Amino acid sequence: MIDLTRPSYARMYDYLIGGTDNYPADRDACEGLLRIAPTMAQLAQSNRAFLVRAVRYLARERGVRRFLDFGTGLPSRPNVHEVAQAIDPAASVVYIDNDPMVCAHGRMVLEENLLTTAVVEADIRQLDTIFSVPRVRRLLAANEPVAALFVSVLHCIDDDADPWSLVREVAARLPSGSFIVISHLASDDPTLREDLTAFMQRTITGWGRVRSTADIGRFFQEMNLQEHPQPVEVSTWNPDTDLLLHPYSRDWIEYGGVAQTR
């Protein structure tokens, strides 16, 4: 049973990027969020544009045809499979999310694309469950590079659950030469970081935390960053237009990059 009286992170994000799959509780929570971080909508839109560029780069420039999207969120065009399949219609995508509404919407969107896409309802920390799903096993069976996407999701995991180990374990389960894509809400001002973390933890049960850029850099240890020598504010990662969706503030950024596993 989906409780629409409580805000959902996926629906809040949908509201911030201009979507329509959200409810009064989500919109009210976003208004509170915007009072703390007024540029959060631009930040979310910039982050979504980064996801599209990263998938297009991996499909076009690196020949990746297999994608695992961890914490996919509500469908928002262009979706990962639409970007990848514009390069190669045979590209395969598995979407993973623990929100029943996200999964229901995703399955509706994918009704005509069942041969190359799938939705898995699971917590992204349940790796044994995820990697035992037949579609995921088939995705890995060819032993070709896979791109694992962690776009605006790792800040939903608290330090106690060790998201760094999660990323390392996913990388270890993928074929050699696979890729990891990460963007993460960041602030290097400790007071601002804790204020936003406290608000989100009050708003969303089990939410994680905003982290420093140094903490986010730890996700990429023992990987080879692509196109940039270090993680970056994501609007600057391989921009494909002069009309950049900058976040308009350095107090809060989405920070990350694309890296190849060793």
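Modeller: The model is predicted, so local features need pLDDT of at least 70 and side-chain atom pairs count only at pLDDT 80 or more, while totals for chains, interfaces and linings use all residues. Residues are numbered from 1 along each chain as its sequence is written, and side-chain values use heavy atoms, with hydrogens and water left out.

Biologist: What does the secondary structure of the chain come to?

Modeller: Elements are DSSP runs numbered from the N terminus: helices are H or I with at least four residues, strands are E with at least two. Counted that way, the chain has ten helices and eight strands.

Biologist: Why is the chain called as compact as a globular protein of its length?

Modeller: The radius of gyration is taken over C-alpha atoms, and the globule rule is 2.2 Å times the number of residues to the power 0.38. For 262 residues the rule gives 18 Å, and the chain is close to that, so it is as compact as a globular protein of that length, with a radius of gyration of 17 Å.

Biologist: What percentage of the residues count as buried?

Modeller: Buried means under 20% relative accessible area, exposed over 50%, and partly exposed in between, with a 1.4 Å probe and protein chains only. Of the 262 residues, the buried share is 56%.

Biologist: Is L127 buried or exposed?

Modeller: L127 is found in helix α6. Its relative accessible area is 4%, so L127 is buried.

Biologist: Which residues does L127 touch, not counting residues up to four places away in sequence?

Modeller: Contact means heavy atoms within 4.5 Å. F70 has L127 among its contacts, along with others including I96 and V170. For L127, with neighbours up to four places away left out, the residues touched are F70, L166, E169, V170 and R173.
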